[in-house]
Amino acid sequence: MTDAARKHVTVLPFPHRPDGAADRAAGRIAPVTPVAPAAPREPLWRDLVGDVLRRERLTQERTLKDVADAARISVPYLSEVERGRKEASSEVLAAAAQALGLGLGDLLARAHDRLVRLTSRTAPGGPRGAGIPRRDGMCLAA
């Protein structure tokens, strides 16, 4: 390759720290603003109920089709309920629970227990005071 065909390339020094602190100090990179971790989101009731339905179905080693047929609901709808994508009516929940050998009260009690387990963490500085466990689950009855 001839000298006329070569291009001039500017090479910047490699920062001494992998986080780019040297480049930030030299003004080549904007400073990084620390981001606070997002607060954990409260679980949705439909996610809890769907999780209980799916766990029970899998425990019984049954297919979606088997349970949907027994409950007289469509397979895609039951799948969406299990994944927390749909808010099922009390009639649909009762039918799905019955198809799994549960009563509606059993289904809702299991979902409530799961809600309490997920939300019973210490809430520092919360309305009830620092270090007091939160127990703010809710139970729905049909």
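Read from one end of the sequence to the other, the protein runs α-α-α-α-α-α, which amounts to six helices and zero strands. Helices here are DSSP runs of H or I with at least four residues, strands are E runs of at least two, and numbering goes from the N terminus. The model is a predicted one, where local features need pLDDT of at least 70, side-chain atom pairs count only at pLDDT 80 or more, and totals for chains, interfaces and linings use all residues. Residues are numbered from 1 along each chain as its sequence is written, and side-chain values use heavy atoms, with hydrogens and water left out.

On to the overall numbers. Of the 142 residues, 27% count as buried; that label means under 20% relative accessible area, while exposed means over 50% and partly exposed sits in between (1.4 Å probe, protein chains only). The accessible surface comes to about 10100 Å², and carbon and sulfur atoms own 57% of that; areas come from the Shrake-Rupley method with a 1.4 Å probe, and for residues only the protein chains shown count as cover. Among contacts (heavy atoms within 4.5 Å) with a separation of 6 or more, 52% link residues 24 or more positions apart.

The core comes next. A nonpolar core is taken as a set of buried Ala, Val, Leu, Ile, Met, Phe, Trp, Tyr and Cys residues joined through side-chain atoms within 4.5 Å. The largest one holds 25 residues, and the members touching the most others are Trp-45, Val-49, Leu-53, Leu-93 and Leu-107. At least two core residues come from each of α2, α3 (64-71), α4 (75-82), α5 and α6, with α5 giving the largest share, six residues. In soluble globular proteins, nonpolar side chains tend to be buried together. Take Leu-93: setting aside neighbours within four places in sequence, Leu-93 is in contact with Val-49, Leu-53, Val-81, Ala-88, Leu-104 and Leu-107.

Buried along α6 are Leu-104, Leu-107, Leu-108, Ala-111, Leu-115 and Thr-119. Viewed down the axis of α6, these buried residues fall within an arc of 90 degrees, so they line one face of the helix; the arc is that of the directions from the helix axis to the C-beta atoms. An α-helix has 3.6 residues a turn, so residues three or four places apart point the same way. Gly-105 and Arg-117, both exposed, sit on the face of α6 turned away from its buried side. The cover over the buried residues of α6 includes α2 (45-59) and α5 (90-99).

Pro-40, between α1 (21-25) and α2, is exposed at 57% relative accessible area. Its C-alpha is 9.8 Å from that of Thr-119, although the two are 79 residues apart along the chain. Glu-61, in the α2-α3 loop, has a positive phi of about 55 degrees despite not being a glycine, and is exposed at 73% relative accessibility. Arg-72, in the loop between α3 and α4, is another non-glycine with a positive phi, about 60 degrees, and is exposed at 79%. Arg-85 belongs to the loop between α4 and α5 and is exposed at 58%.
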